[in-house]
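Please read the paragraphs below with the structure open beside them.

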Amino acid sequence: MKIYKDGSFKGIGIGYAGEIEVLVTITKGKINNIKFLSHNETPVISEPAFEHIPTKIIETNTIMVPNVKGCSMSSRGIKEAIMNSLIASGKNKEDMIKEFKNSENLNKIIISKNKYKPVENFDVVIVGGGGAGLSSAIAAANLGAKVVLLEKMAAIGGNTLVSMGGINIPGNDAQISKKIEDNPELYYNDALLGGDGENNKELFKILSENALDTYNWLKEEIGVEFKKNELIHFGGHTVPRAVVFKGKYAIELISKLRKKAENLGVDIRTGVEAKDIITRDKAVVGIKALSDEKNIEFFGSKGVIFSTGGFSGNIEMRKKYNPELDERYKTTNQSGITGDGHLMCERLGVDFIHMSYIQTFPIANPLTGALSHVGASRFDGAILVNKKGKRFVEELERRDLVSKAILAQDGGMGYLVWSQEIESVANRTTNNKAEVNNLIRSDLFVKGSLDECGKKMNINLTTLEDTLSTYNLDVSNGKDQEFNRRGDLLNIIKGPFYIQTVAPAVHHTMGGVKINSENQVLDIKGNIIKGLYAAGEIVGGIHGTNRLGGNAITDILVFGKRAGEKIMKPNTH
Ligand SMILES: Cc1cc2nc3c(=O)[nH]c(=O)nc-3n(C[C@H](O)[C@H](O)[C@H](O)COP(=O)(O)OP(=O)(O)OC[C@H]3O[C@@H](n4cnc5c(N)ncnc54)[C@H](O)[C@@H]3O)c2cc1C
């Protein structure tokens with residue numbers, strides 16, 4: 001058994017969003033208490049790490065504990081902080097670092113919130129705990145259903161939680177106060193233009209006509225709050241129409257949906273992975289699942305709703321449907337988004353649509369694939385150059401074209417370059433400090449004189465200076481001669497300069513299961529599969545070739561709520 005020196009010792013570790021500071025108390029040679037003094041980790045996602053890692057370290061009196069799957073960066077940061085406290089208590093530094101490194105090699109674990117019984121009976125079984133699954137659960141429970149929601153990760157939220165939190169609502173209150181005229185028809189037309197007319201028109205009509213009601217439902221019944229009078233104007237929309245959840249990402253949305261679901265008695269089971277669909281007399285009646293290596297069967301007398309999200313994280317599936325999107329691409333998605341629902345439905349004979357339409361996001365972290373919020377400097381006026389210091393694409397081109405252009409450069413990477421004139425417009429670095437610090441630690445971001453930045457990033461300085469003087473001359477003449485950049489042009493003259501390394505990552509899958517307007521899943525002959533419903537990114541066809549920014553969250557909430565209602569009361573709309 002390990003013996004530590006008695007006392008209280010502070011330590012700092014680096015998690016997902018920067019420093020985590022702890023105070024470790026040792027009594028009679030044993031780790032007795034771990035107190036978190038400060039951290040900025042993302043709520044909900046990081047909760048399992050904060051619950052599990054300290055408990056396990058106290059229980060085993062060692063930092064040799066595995067990371068929690070889905071929040072491994074937070075787990076790592078917590079362990080590193082505790083390791084540094086133990087080093088401060090006098091433990092040998094080299095031994096502790098070795099122990100810490102070994103703990104990083106242990107298989108990640110999933111913490112399960114599941115009380116084990118081999119067979120369980122409900123009215124409705126929902127698979128996937130993102131925005132679509134939670135809103136389905138609330139809608140069904142509101143109509144009196146006994147609902148279980150299965151989530152394979154240690155925390156609920158899926159991609160919804162980490163989204164930028166922008167949701168398009170035509171006719172919203174922020175538009176009204178800014179006197180922006182908008183309506184469902186205009187919204188529908190924009191989405192169809194963005195999707196090259198290949199959208200399922202019936203489904204997008206439902207989406208556009210129910211967006212405002214769903215927004216009011218969120219505010220009035222779920223208690224979701226939005227940033228006052230703030231709108232995002234995503235590409236392809238005629239007017240600014242995306243309202244934004246209060247706070248960071250969509251934490252506000254997921255926390256409030258979870259609270260409402262719990263209040264309605266929805267049984268939320270994390271750490272439970274759906275493995276297959278159970279049928280009887282050709283109707284879907286339940287789900288075979290795995291939790292803590294034990295098999296469980298969940299039966300739903302009304303049926304099953306699939307809301308497992310897309311398949312951006314499944315490289316084999318990506319390559320099958322769109323061979324270009326191979327291993328070179330990382331993904332912006334959460335680690336649980338691996339097309340499980342698609343695969344289970346495929347085995348059942350479900351029909352699919354638009355599976356090759358996969359969207360990439362051009363400005364992501366080349367090492368992790370995380371979508372870059374700092375890199376939104378592209379919209380403020382930053383230019384993209386390659387290692388030679390030359391521009392190679394119009395920075396505001398469509399996501400897929402910018403992505404392809406970046407991949408065609410040396411090392412498959414691009415460099416966003418901006419300066420103080422641009423930084424002072426939107427304060428991207430001050431508003432995203434945690435991301436900037438992570439990028440600096442990975443040598444992907446630098447701030448300083450042009451000389452310092454160019455050298456650090458190994459970009460040809462002479463060409464970069466030429467590129468900037470040509471660009472700045474174009475800015476003074478009001479026209480970008482080289483790439484005809486749209487929008488207002490801003491000078492890149494005044495230091496400090498900022499250079500960020502970026503690469504594209506797979507972001508969204510437009511293809512998925514075919515449903516009818518009642519959210520019922522269809523088989524390859526076009527017949528309804530009794531008892532099987534779907535909502536959210538798993539559903540294909542709604543967005544055509546290309547989903548416009550801010551349309552996914554509207555989609556998952558409109559159709560999530562609808563699926564919960566339809567499974568309880570078919571044919572009510
Ligand atoms: C970084 C980022 C930013 C984005 N920003 C925006 C934005 O601002 N606006 C917008 O409109 N869209 C945005 N999107 C897209 C949008 O977030 C997603 O399309 C949407 O959240 C999908 O919701 P969902 O409920 O269908 O799936 P998700 O929220 O992804 O949830 C699916 C859940 O199912 C679980 N699951 C999967 N398989 C199983 C299984 N076998 N058993 C049990 N559970 C399972 C997963 O773990 C996950 O929790 C963004 C996406 C990303 C990645």
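This is a predicted model: local features need pLDDT of at least 70, side-chain atom pairs count only at pLDDT 80 or more; totals for chains, interfaces and linings use all residues.

Residues are numbered from 1 along each chain as its sequence is written, and side-chain values use heavy atoms, with hydrogens and water left out.

Helix α17 (residues 450-457) packs with helix α18 (residues 461-477) at an angle of about 130 degrees, their axes being 10 Å apart; helices here are DSSP runs of H or I with at least four residues, and strands are runs of E with at least two, numbered from the N terminus. The axes are lines fitted to C-alpha atoms, for helices over the stretch in contact, and angles run from 0 to 180 degrees between N-to-C directions. The two helices, α17 and α18, are therefore oblique to each other, a class left over once angles under 35 degrees count as roughly parallel, over 145 as roughly antiparallel and 65 to 115 as roughly perpendicular. On the α17 side the contact (heavy atoms within 4.5 Å) is made by L450, D451 and G454, and on the α18 side by L461, L464, E465 and L468.

Turning to charged pairs, a salt bridge is taken as a side-chain nitrogen of Lys or Arg within 4 Å of a carboxyl oxygen of Asp or Glu, and by this rule the count comes to 32 salt bridges. In one of them, the side chains of K219 and D173 meet at 2.7 Å, N to O. Because K219 lies in helix α8 (residues 201-222) and D173 in helix α6 (residues 173-177), this pair ties together parts that are 46 residues apart in sequence. With a relative accessible area of 27%, K219 is partly exposed, and D173 at 37% also counts as partly exposed, where buried means under 20%, exposed over 50% and partly exposed in between (1.4 Å probe, protein chains only).

Another salt bridge joins R347 and D276, whose closest N and O atoms are 3.6 Å apart. This pair links distant parts of the chain, with R347 in helix α11 (residues 340-348) and D276 in strand β10 (residues 273-280), 71 residues apart. R347 is exposed, with a relative accessible area of 53%, whereas D276 is partly exposed at 27%. Elsewhere, salt bridges that share partners join R391, E395, D480, E482 and R485 into one network.
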